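Please open the structure in your viewer and keep the selection panel at hand. The stops below go from a whole chain to its interface and then to single residues.

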Amino acid sequence: MLACSASILVIVALLLYELTIRSQLSLRQFGLGFFVGTDWDPVMGKFGALPFIYGTLVSSLLAVILAVPLAVGVAVYVTEMCPRALRGIISFLTELLAAIPSVVYGLWAIFVLAPILREYVEPFLGKAFGWTGLFSGPQYGLGMLAAGVILAIMIVPIISSITREVLVAVPQHQREATLALGATRWEMIRMGVLRNARAGILGSVILGLGRALGETMAVTMIIGNRPEIAKSLFAPGYTMASVIANEFSEATSDLYLSALVEIGLALLIVTLIVNTAARLLVWSITRGTPQRA
Amino acid sequence: MATAHISMFRRAKNHAASFAAVASAVLVIAPLMAIFGYLVIKGIGSINLAFLTNTPRPVGEAGGGMANAIIGSLIILGIASIIGVPLGTGAGVYMSEYGKHRYSTYVRFTADVLNGVPSIVIGIAAYSLVVLPQQHFSAFSGGVALGIMMIPTIARTTEEMLHMVPHAVREAAYGLGIPHWRSIVSIALRTARSGIITGVMLAFARVAGETAPLLFTAFGNQFWNLNPGQPTAALPLQVYVYAISPFDEWHRQAWAGALILIILIVVAVSVVRFATRKGRFSGA
């Protein structure tokens, strides 16, 4: 039993060790310049990871911006407002949303979401907000915006289920006290519940962000896969996870492979940090309360 | 009435907030419905006996199926379970039954963090641990990657389920003079059995749809392969390859493959949900 539990620690150590060893070549060759270089030209032996880092950050942030209000809204609805009978159904459906494989999201995104974005959403955004520069250029449907939307759909269940746990952990007398002072239901939720739960909600958001950063298949299928840094969200991009998925098994030189592993290492370290921060926040809130309601 | 004192503005805000909450619930459920709807509409027509029993045909030839991918997925998932289930449950038992000190807090924390590691990164590790020494892609390396992904989920649910076994039950066992290990095996694990199976099924459903780590471990294969040492097809992998291909026939099959995948997963999740509802662990 001790050995089994140790295996978890060993696995994480092994992940770090293997990825560090296999990325030695590129670590030595490029140093820190790897992360600020913008050229990705395997044929010429030039490897710079900035376009992928940019794409990962922008698509994930976009996803979080879209997902957080929805996820918190659902969590509030389920814990504070909805009739008991509906509660189970809605949480079951959101759980199902979490169980759909990434590749199925990708399939749906290619054939359903992208055309919708291309025909309806992008022309509208371009007309209304094109002047900002964020929504300009050709409207393919595929691209950074599409990646952000599909990621948002994918991380909503994670954020909402943990937010729900955190909201349930808020003591009942907190709600009663606020109501007794004459608050409306919304004021009770805002002052008595959300304010108490904000650290935990922040934790759930960071956890969702962590998932978005590492999400691979759906994003690879829809982001357009072009290693460029473009201001417009309509433009195709590339993420760290996608470039590994696309190029890893066809990396021809040792340096190429090493560069890809280094991207993986960076991804691993970032997600370890993000997840640790999120877990600490969630733990600080839900500690000592029953696991689920 | 008490509410008479509430100003119009506050009341309006209250209604607006309620409306927003309901709207967000609808907006979250909508894509789910859309995804299921499209899967059924686009996939159901292509599922037939040939699809389930044939291997892929070359481009341009109609027909063919995903039988090799379905079997391949089962082989890979079998290997993953052999690795993930014992390690996961063992770690869970340790954390709940032996780990009264700081060490198990670290393990618990690491398990949660490992749960959030991107699957593609685990794929790279499996590649360098298994594929490189073996010199070729294999079902086994894919199983290793997915097995690693199962461990944290199983460990954490096993631990939670064991925590729910009442103390009185254990004390009764000790009262009969049963040693600690025996009380764990015969009493605690037996009582928590359905909950632990739930955790295993959830972990299984989660990795069943994983594609990213299989891209460069199991790699995929257009033909029959039952040898775990060789490149092997997997259902999610096949769906991915077909979806990004330029052929309509393959798109059709991608939808059908995705539908089969989702049916497997939804059935697993629903069975679990039903079992936990009706079972002893209704609180879970």
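Begin by selecting chain A and drawing its surface: the accessible surface comes to about 12,100 Å², with 65% of it belonging to carbon and sulfur atoms, where accessible areas come from the Shrake-Rupley method with a 1.4 Å probe and, for residues, only the protein chains shown count as cover. What you have open is a predicted model, in which local features need pLDDT of at least 70 and side-chain atom pairs count only at pLDDT 80 or more, whereas totals for chains, interfaces and linings use all residues. Residues are numbered from 1 along each chain as its sequence is written, chains are lettered from A and ligands numbered from 1 in the order in which they are written, and side-chain values use heavy atoms, with hydrogens and water left out.

**Chain A as a whole**

Switch to a cartoon of chain A, which has 11 helices and two strands; helices (H or I, at least four residues) and strands (E, at least two) are DSSP runs, numbered from the N terminus. Followed along the sequence, the pattern is α-α-β-β-α-α-α-α-α-α-α-α-α, and the C-alpha trace spans about 70 × 60 × 30 Å along its principal axes. Of the 293 residues of chain A, 57% count as buried, that is, under 20% relative accessible area, with exposed meaning over 50% and partly exposed in between (1.4 Å probe, protein chains only). Among the contacts in chain A (heavy atoms within 4.5 Å) with a separation of 6 or more, 73% come from residues 24 or more positions apart.

**The interface with chain B**

Now show both chains and select the residues where they touch: 73 residues of chain A are in contact with 82 residues of chain B. The two chains bury about 6,900 Å² between them, 79% of it on carbon and sulfur atoms, buried area being the accessible area (1.4 Å probe) that two parts lose on being put together, summed over both. On the side of chain A, select A:Ile8, A:Trp108 and A:Trp283, which lose the most area to chain B and together make up 9% of what that side buries.

Across this interface the rule finds one salt bridge, defined as a side-chain nitrogen of Lys or Arg within 4 Å of a carboxyl oxygen of Asp or Glu. To see that salt bridge, pick B:Arg10 and A:Glu187, whose closest N and O atoms are 2.6 Å apart. Highlight helix α1 (residues 2-22) of chain A, which with 14 residues gives the most to the side of chain A that touches chain B.

Next select B:Ser128, in helix α5 (residues 119-134) of chain B, where a polar contact of 2.8 Å joins its side chain to that of A:Glu18. B:Ser128 is buried, at a relative accessible area of 4%.

Move to A:Val103 in helix α5 (residues 102-129) of chain A, a buried residue with a relative accessible area of 0%. What surrounds A:Val103, its neighbours within four places in sequence left aside? The contacts are A:Met217, A:Met221, B:Gly209, B:Thr211, B:Pro236, B:Val239, B:Tyr240 and B:Leu261. A:Val103 and A:Met217 are 114 residues apart in sequence, yet their C-alpha atoms are 5.5 Å apart in space.

**A:Ser91**

In helix α4 (residues 84-99) of chain A, select A:Ser91, whose side chain reaches the backbone oxygen of A:Gly88 at 3.2 Å. A:Ser91 is buried at 9% relative accessible area and, beyond its neighbours within four places in sequence, is in contact with A:Arg164 and B:Arg273.

**Two loop residues**

Finish with the backbone angles, bearing in mind that most residues other than glycine have a negative phi. A:Asn225, in the loop between α9 (217-222) and α10 (240-247) of chain A, has a positive phi of about 50 degrees and is partly exposed at 25% relative accessibility. In chain B, select B:Phe219 in the loop between α9 (193-208) and α10 (235-243), where phi is near 75 degrees and the residue is partly exposed at 39%.

Technical notes. Polar contact = N/O pair within 3.5 Å; in protein donor to acceptor, adjacent residues only side chain to side chain.
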